[in-house]
Every structure is written in structure tokens, then in C-alpha cells.
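Welcome, and please get your viewer ready.

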Amino acid sequence: MSEGFSVPHEEYAGYIFDLDGTLVDSMVAHYRAWRMALAEQGAPEEVFRKPEFLAHGGCSAQDIVASLNARYGLEMDADAVAARKRALYLELIESGSLEPIRETVEFARRMQGRVPMAIATGSAMPGALASLKSAGLEGLFELIVTPEMVERGKPFPDIFEEAARRMGVEPGLCLVFEDADPGIEAARAAGMDWVRVPPSERLMDEE
């Protein structure tokens with residue numbers, strides 16, 4: 001396990017990557033989309049500011065809305081807010097290309113074709129594919145696992161366990177790349193080693 005971007009020397013039977021903030025520098029676009037979607041719902045200004053956004057990194061959109069409703073006593077429709085947030089995110093990234101996160105992508109390219117690899121992301125499939133396309137990473141991963149494919153999202157281990165199952169690799173033989181605490185908690189729960197990807201400097205500068 002590693003707290004910085006330092007990959008263990010040992011080789012693993014499979015590698016699993018989070019997407020947003022791990023392979024693609026997309027967190028600013030996600031944050032802006034959330035802020036706009038919540039404002040449209042009339043959510044108070046203090047709801048889902050950056051620290052709270054970061055604490056929910058990797059969680060599914062529906063789970064995030066449910067968490068905000070419970071914390072702030074709101075009654076937002078989880079499916080409707082999630083769909084609007086996703087639409088806003090797609091609009092934002094259409095206006096410009098996302099940057100790949102160099103260290104993680106370089107490692108994935110070195111492993112491509114040598115060992116099984118998968119993406120396990122909190123994004124729905126349309127957003128995941130759009131993010132990969134925007135960052136020029138189409139074709140790097142054949143397997144993408146999203147929250148629609150499992151019963152529970154991060155921080156539960158389901159999405160990583162499903163990725164390992166689809167790769168045909170025992171969970172304990174996988175290494176996970178993650179940038180957010182919920183994803184690292186999910187990797188631990190799945191019995192997998194993990195590497196933390198440092199947060200985007202662009203996100204740190206965002207208001």
C-alpha cells in the first residue's frame with residue numbers, strides 16, 4: 001500500500017483504476033457540474049462545497065444526493081439530480097479536452113496487454129466513455145465497471161470485486177489506483193492493495 005504515487009515493485013495479477021482524478025484530470029468539471037445542478041435544485045450555498053465534494057470522491061451520483069438529503073434535510077430527487085449533473089458535466093467537457101494524469105496513464109500503458117486491467121468508476125457509463133474520449137484514452141481499457149453493474153457503490157467493495165471477477169483475477173492479487181478516500185476504503189474492504197494518486201492542483205485552486 002502507498003500514500004503517494006509510488007507503485008510497489010512486486011507485480012500483481014491485475015490492475016484496477018479509478019477514472020476521475022486518477023486517470024483523467026476531470027474533477028474540476030465534475031465539481032462545477034455538481035454546483036450548477038444543486039443550485040438549480042435550490043440547495044443552500046453551503047451544500048457540497050469542495051471539502052464535502054472531495055470526501056465523496058468515487059461515490060455514485062445517486063448515493064451522493066441521498067447523502068446530501070440526509071445531512072441537510074433536503075428532499076431532492078436522486079435520479080433527477082444525478083441525471084442533470086451528468087448532462088452538465090458532458091456539456092462542460094465538450095467545450096475543451098480533459099488532460100490525462102500522466103503518471104497513472106503511463107503506468108497503464110506499460111501494463112497494457114501484459115496483465116488484465118480494468119476501470120472501476122463512480123461515473124455512469126456515458127460520462128466515463130466521454131471522459132476517456134476527451135482525454136484521448138479510448139482503447140486503453142477494454143473493461144469498464146460502473147455503479148449500474150453492482151448493488152452498492154464505493155466505499156463498499158462491490159465495484160472492485162466485480163472488476164476482479166470480470167478480469168478473472170483473485171481480489172487479493174489486484175492493485176487499485178485511487179485518488180479518493182471512499183475508493184481506498186472500498187479497495188481495503190475488497191482485500192486489495194492500493195496506490196493513492198495525489199489530488200489535482202487545478203481542483204485545489206477551485207473555489
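Here is a tour in a few selections.

This is a predicted model, in which local features need pLDDT of at least 70 and side-chain atom pairs count only at pLDDT 80 or more, while totals for chains, interfaces and linings use all residues. Residues are numbered from 1 along each chain as its sequence is written, and side-chain values use heavy atoms, with hydrogens and water left out.

**The whole chain.** Start by showing the cartoon: the protein chain has 9 helices and 7 strands (DSSP runs numbered from the N terminus, with helices being H or I of at least four residues and strands E of at least two). Its radius of gyration is 16 Å, close to the 17 Å that the globule rule gives for 207 residues, so the chain is as compact as a globular protein of that length. That radius is taken over C-alpha atoms, and the rule is 2.2 Å times the number of residues to the power 0.38. Along the principal axes, the C-alpha atoms fill a box of roughly 50 × 35 × 25 Å.

**The largest pocket.** Next, select Asp20, His30, Cys59, Lys85 and Ser123: of the 25 residues that line the largest pocket, these are the closest to its centre. The volume of this pocket is about 340 Å³. A pocket here is an open set of points on a 1 Å grid over the protein atoms alone, where a 1.4 Å probe fits, with protein on both sides within 12 Å along at least five of seven lines; lining residues have an atom within 4 Å of a point. A volume is the space filled by probe spheres set on the points, which are joined across faces, edges and corners.

Now colour α1 (27-40), α3 (61-72), α4 (78-94) and α6 (125-134), the elements that give two or more residues to this lining. Which of them gives the most? α4 does, with 4 residues.

**The second largest pocket.** Move to Ile101, Glu103, Pro198, Pro199 and Ser200, which lie nearest the centre of the second largest pocket among its 12 lining residues. Its volume is about 240 Å³.

**A helix pair.** Return to α4 and α6, whose axes come within 10 Å and cross at roughly 10 degrees. They are therefore roughly parallel to each other (angles under 35 degrees; axes are lines fitted to C-alpha atoms over the stretch in contact, with angles from 0 to 180 degrees between N-to-C directions). Show Tyr89, Leu90 and Ile93 of α4 with Pro126, Gly127, Ala130, Ser131 and Ser134 of α6, which make the contact (heavy atoms within 4.5 Å).

**Two backbone spots.** Finally, zoom in on Pro155, in the loop between β5 (144-145) and α7 (158-167). The peptide bond from Lys154 to Pro155 is cis, with omega near 20 degrees. Then select Phe48, in the loop between α1 and α2 (50-55): Phe48 is not a glycine, yet has a positive phi of about 60 degrees.

Key:
Angles under 35 degrees count as roughly parallel, over 145 as roughly antiparallel, 65 to 115 as roughly perpendicular and the rest as oblique.
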